[in-house]
Amino acid sequence: MTPNPFRNLPAVHEILDSSILGDLKARHDHELIAAAVRQALDELRSRISNGEPLNGEVSAESLAGLVEKRLEAQLRSKLRTVINATGIVLHTNLGRAPIAEGAAKAAYEAARGYLNLEMDLETGKRSSRQDAIREWVCRLTGAESATAVNNNAAATVIALRALCAGKEVVVSRGQLIEIGGSFRIPEIMAVSGAILREVGTTNITRLGDYEKAIGPNTAALMRIHPSNYRVSGFTKSVSLTDLVTLARKHNLKVIDDIGSGAVIDFKRFGFAGEPMARASIADGADLTLFSGDKLLGGPQAGILAGRVECIQRIEKDPLMRAMRLDKMTLAALEATLRLYLNEVRALQEVPGLRMLSVPLSELRMRAESLAREIANIAGVRNVIAREDVAYVGGGSLPDQKMPTWVVEIEAKSIGDAELALRLRVGDPAIVGRVQDGKIVFDLRTIFPHQSADVIEGVRKAFAS
Ligand SMILES: *Cc1c(COP(=O)(O)O)cnc(C)c1O
């Protein structure tokens, strides 16, 4: 009689009793692990039925090992810390701005306890959660009042809705942009209930174009910073001061969406033409809009700064409830804004600003040291440290390049795509640039404290 191969399979309880599953059992429900064990056994049975050879022994221990590996992989957190080796400081797909340590701590404390989110501690009475950021934004921008919502897209929608619903808003055709992630000005305008009145052409819009478009149903003139593209060559656009003068004459509002929202001057990093919130307010914008997690370096938020009357109408809008910030974000945003009260401190503590201001000599030293370590890893054909020129902006600062230092890695027996994949799915996860068959790590966006992790990630990628 031929032996029955199904008989040799261990029982579910034998596999579950294996000490290999001890760690998993401490962390997860019995049912979840048992289901994975039954699934592994089912697969074996169907392989036996198909007459496939079962290479290796099918002991309880080996099956427990298989189940453990599978479950560990399946139950890994979907959101993971990533080492950003792309050199793009504001990388939308990698969470945009890393926030300052103090801001992260403020969010952590807000999350795990209670705080005076909507209570005035002096009077014990109810207050507005927006009070936490209003004064700081006013100090930094010179605005009369301010408020904040979930992101700049939300800020645009609520501003247009509260101030311009059913009325016309005049915008230059050169500024009818798509930012990405389906943020398109004409569609945002439609959602808000305001009526878009396009003027000028893609490259040229003159003050007269705005003036001709103004009618009895016009509510505002709007300027939008074309964040991630540039029209160059034969171009003309109207300055904010000219728009403001025209708007005053006709009793209209000026809304200025400056996008990235620098509160310090980015010329110091060699970036020309990045609009500053303070300049927008000083030039007379009734409302200036900007993101919290671009150049400000705070949590995701949309900040609205401007006239008291505009901010009051926005805060009374029923949509405010749907767009308001949660306690963690508010705490992190307030902490970020307060850092800017001392510019030197902001430059040291806001990670994005620190990355932009790190001297080339320091990047070089770190690149050379990292290259030396990586050269010792088996499987590496060649590794060099070299100077490079990189775009640092992602969705903002599209044409602003900066010199940097990179480490370039070439593998012996695997291609660039395979190496990039192993680095991405590894622990720690590393995302670099793929360039001419090589993987390029830009030192600008790798935190100095991550050096050992980078080496570990590369070692594992070559070992797997
Ligand atoms: C980025 C950007 C937005 C969208 O801001 P989010 O905070 O990403 O919603 C809107 N307008 C301009 C000009 C931008 O640059």
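Residues are numbered from 1 along each chain as its sequence is written. The model is predicted, so to speak of local features a pLDDT of at least 70 is needed, side-chain atom pairs count only at pLDDT 80 or more, totals for chains, interfaces and linings use all residues, and side-chain values use heavy atoms, with hydrogens and water left out.

A search of the whole structure finds two cavities of 30 Å³ or more. A cavity is a set of points, on a 1 Å grid over the protein atoms alone, where a 1.4 Å probe fits but cannot get out; lining residues have an atom within 4 Å of a point. Points are joined across faces, edges and corners, and a volume is the space filled by probe spheres set on them.

| Cavity | Volume |
|---|---|
| Largest | about 80 Å³ |

The lining of the largest cavity includes Val89, Phe266, Lys294 and Leu356. Its residues divide into nine nonpolar, two polar and one charged (Ala, Val, Leu, Ile, Met, Phe, Trp, Tyr, Cys and Pro count as nonpolar, Asp, Glu, Lys and Arg as charged, the others, Gly among them, as polar). The largest cavity lies between domain 2 (82-92 + 356-463) and domain 3 (100-349), because both give residues to its lining; the bounds come from an automatic or database domain assignment.

Ala36, Gln39, Ala40, Val67, Arg70, Leu71 and Gln74 line the second largest cavity. Helix H3 (30-49) and helix H4 (60-74) are the elements that give two or more residues to this lining, and H4 gives the most, with four. Helices are DSSP runs (H or I, at least four residues) numbered from the N terminus.

Note on methods
1 Å grid on protein atoms, 1.4 Å probe; cavity = no way out; pocket = protein on both sides within 12 Å on 5 of 7 lines; lining within 4 Å.
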